[in-house]
Structures are given as structure tokens and as C-alpha cells.
Amino acid sequence: NLQSMYDSISSVYIGDVFRDSAYFNWNDIELRYINFYRTDDPLFVETGFYLKNDTYYLFSGSGNFNSNAIPVSFATKLLTKKFIDETDKSNAYQNLIETNEALTGYQFEFNYKMPYKPNQIINSISVRQRQTIDLEFPRDAFILAFSGNAVYHGATANLSSIKYTDYRFREFDFSGDAGKSFQHFNFNVHYNLGLIDGQRGEELNVTNASLFTEENGEYLEVAANGKFLQSDTRKQKFFFSDGVGAKTDLNVSLSPNTKHAMAFNFIVNDLGVIRWNSYSKSTIVDTSFHFTGIDVSNLLTTGNHFAFNADTIRNYLGEEISNGDFVSNLPTHITFDFVTRVAGIWETVIGYSFIPNRNNFNYSFVRNDFYFSQFVLNSMFQYGKSFGFNFGLGGSYSLHDQIVFSLGSDNVLALISPSDFTSNYLTARVAFSIN
């Protein structure tokens, strides 16, 4: 049974779904897909751990950027507020298509894995600080933001279908397992239930918008229809909450009872919502106007690329502003994969990961994990329609079976040549066991 399998081996490969005895171990499924699983994007180079004790503390940090068009080098300068030169812009412009997407975020985590007890409902608790930014935009909007409207003299820039979300929040997570063995297979569900403390939330949805610049720069014609939601804007202290919410992560696993160890997994990350408080602000714009009186050749080229001379333009937009709560859905990630032991130290994972309703964030991947006495090496090949092929590497080193250091990237080539790639994910972890 599951308990006897758990007790039969004293040494645990954390992150590996198999024991040295080659029996399938459901308790490690929880470690693989939830505690160490990438929550902002399920596709990543997982690091395996070797610890003498199954009870441990974990500290981790990670950051990601994914886009179908924006190079990693451009995004790095933008996010760190460094100067973006014309070469950077030209390199980004040539990748743009009619509809473009970008997803970025970070996560810091502290996790405590409890000692095993029979019929244990909760076996792991964690606290996470997270931010996730999601952006969808047309080609013209990106060029307008970084080069101004001078390039559109005598033409109309399409600004429709802009979608933007930015959520920053803390998570308090509680994880556990439920499983049952049958004659021909084992079934397990790992669950993670999280309470969310919303710190900031913003949502922009521009359904229709355009900007026409007269050929000689004498006037503008603007049409705009959209809505901007912003959580509580009052001056707040550090622990003040803008909203509350809940989420869940699930891993449903099926493993045949065969000599060749394998498992089929269905994984859902970040299925949840945040309700922002009643002091949140809603701004609705539905207008069109003819505008003169400003040097339009320099419009929008301010030091802050996203300021859009807001104070000047706001007077022309006929804004409708109101206060009230609103609800945000977290970007949910879904993964299907197949895990198998190829040889003694070699494990392979083949899978497909996607975000519903987001065409540019679908991935197929093959990951190979090689387990040595004190070291784990991870390699991964992934393919996505938006970015092509990526190659990732990761590794973990165990010091006296008590402490483990891990580093990983799902696209090491982006570290070497960031201007040629549009996605990367970096992670660093340290875990130590408790005697």
C-alpha cells in the first residue's frame, strides 16, 4: 500500500516520482508538481533534490518573460527602466504581427514540508509573494508607444483590442494528497488550496480605438472605447490589503501497476479569483474627437513610455469614473504529461502546456532528468508556435544530503543572445532537511 511504499525507503529523491526500489511513490508527486512546479507558467526546467529527510524548508525565487514578439533584451531594459535605443526598437518591430502578447512575472516562496502522518490532510504549507503581468496589443500600439505618432502622418494607427492585467498579491497555501490503489493502477489527487491577499490590481480593456495624424501634423482624430479598472488607490501601509481571493492547484495522476514505472498526469495551476475592495476605481471612455493645438510630432514620446500625456488627453476623453469592487480571474495554466523511467538514473517527461484562450502561450516539451548520487541534471527541449524551439538546462547539488542548491533556465540560449529570443524563465532554490 502507499504507506508501506513510503516507509520502505529512507532516502527520498525530492522532485523524482520514483523511489530507488522502482516503486511508484505518490507522495513525491506532490513535490514534483506543486511545491516545485512553476505556478506562473507550468513549463519549466524542474530541479530534483536528494535529501536524507523528507521534512524540509525551501526558499525559492523565480522570474519569467514570454512573448511572441518582444525580445528578452528589450523586455529586460523596459522592466529595469534602462534606455531603449533605436536598435532595440527596430529589432522588436520586425517581430510584431497584427496581434501580439506578452506575459511576465516573478515569485518568491517559503515552503515547509511536514513530517508524514497517516490520514494527513495537510502536509505542506507555503507563503508566496507574486506578481503577474499579461498584455495583448496590436502592432500599431507598440510602435506608437515607443516611437510616437510621427511615423503615422497621414495614416491611422489601429489601437483596438488592447488588453492588460497586472496583479500583485501574497499567497498562503496548504497542500495535501488523497490516493487509492487498485488492482491494475494507482490513482492520486494532489491538491493545493490558497488564500490570496490582493495588494494591487489593474485591468485595461480597449475594445475599439484609433488615432489619425494629419499629414502635416496639424490635427489628430481620436476614437476610443474602453474600460480601465484599478484597485484601491488610497495611500496604504505595507500590510494593507486591496482585495481577497482564493485559488487551487490540482494534479490528478494515474499510474499503471507495471514493472516499468510510469504515470499520466493532468495538472491545473492558478484556478482562482481575487475580489478587489469597494474603493476600487472604474474609468470608462467612449468618445471621438478632433484635436488641435499640440505639437503632434512629439506626442507620446515622453520619458515614461506609457504615460501618454495623460493629464492633457484626459480632458478630451469624456471619462465616466465610478467606485466599486470588481473580480479578477487568475491566468490558469493547464498541463498534460507522461512521466516514465527510461533507465536507472534517466527519467523522461513528455507533455503539453497551455493557457486557455491564449494562442501564443501553448508549448510542447520533452524533459530529461538524470539522477546521480549527489547531483541532478535537467535538460529540456520545448516548442511553441510563437517562439519556435528553446533549450533549457538546470541542476541541483546536494551537500551532505542536508542542503540542496538549485539553478535552472528554460532557455539558456536567451542568456547568451537575449536579442534573438522572446522567452526565458530563471529559478533559484535552496532547501535544507530537518533532522
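**Strand partners, a pocket and a helix pair**

A: Happy to. Let's begin with a residue pair: Y106 has Q131 in β5 as its bridge partner. Keep in mind that this is a predicted model.

Q: Nice. How many bridges pair β4 and β5, and in which sense?
A: There are 15 bridges between β4 and strand β5, which spans residues 124-138, and the pairing is antiparallel.

Q: And what about β3 and β4, how do they pair?
A: Strand β3 (residues 56-67) and strand β4 (residues 99-113) pair in the antiparallel sense, with 12 bridges. To find your way there, look at N66, which stands opposite L103 in β4.

Q: Then which way do β7 and β8 run, and how many bridges join them?
A: They run antiparallel, joined by 20 bridges. F169 stands opposite G198 in β8.

Q: How many residues sit between β7 and β8?
A: There are 3 residues between them, and the two strands form a hairpin.

Q: Switching to pockets: how much space lies in the second largest pocket?
A: About 590 Å³. It is lined by 22 residues, and D134, T165, Y167, N329 and R358 are the closest to its centre.

Q: Which strands supply at least two residues of that lining?
A: Those are β5, β7 (162-181), β8 (185-213), β9 (220-230) and β14 (326-329).

Q: Which of them gives the largest share?
A: β7 does, with 4 residues of the lining.

Q: And what's the make-up of the lining by class?
A: The lining of this pocket has 10 nonpolar residues, along with 6 polar and 6 charged ones.

Q: Let's do helices. At what angle do α4 and α5 pack?
A: Helix α4 (residues 86-93) and helix α5 (residues 139-147) pack at about 175 degrees, and their axes are 11 Å apart.

Q: So are they roughly parallel or roughly antiparallel?
A: Angles over 145 degrees count as roughly antiparallel, and α4 and α5 are therefore roughly antiparallel to each other.

Q: Which residues meet there?
A: From α4 you have K89, A92 and Y93, which meet R139, F142, I143, F146 and S147 in α5. By class, the residues of this contact are 5 nonpolar, 1 polar and 2 charged.

Q: Great, that's what I was after. Thanks!

Conventions: Residues are numbered from 1 along each chain as its sequence is written. This is a predicted model: local features need pLDDT of at least 70, side-chain atom pairs count only at pLDDT 80 or more; totals for chains, interfaces and linings use all residues. Side-chain values use heavy atoms; hydrogens and water are left out. Axes are lines fitted to C-alpha atoms, for helices over the stretch in contact, and angles run from 0 to 180 degrees between N-to-C directions. Angles under 35 degrees count as roughly parallel, over 145 as roughly antiparallel, 65 to 115 as roughly perpendicular and the rest as oblique. Contact means heavy atoms within 4.5 Å. Ala, Val, Leu, Ile, Met, Phe, Trp, Tyr, Cys and Pro count as nonpolar, Asp, Glu, Lys and Arg as charged, and the others, Gly among them, as polar. Two strands pair if DSSP finds at least two bridges between them. On a 1 Å grid over the protein atoms alone, a cavity is a set of points where a 1.4 Å probe fits but cannot get out, and a pocket is an open set with protein on both sides within 12 Å along at least five of seven lines; lining residues have an atom within 4 Å of a point. Grid points are joined across faces, edges and corners, and a volume is the space filled by probe spheres set on the points.
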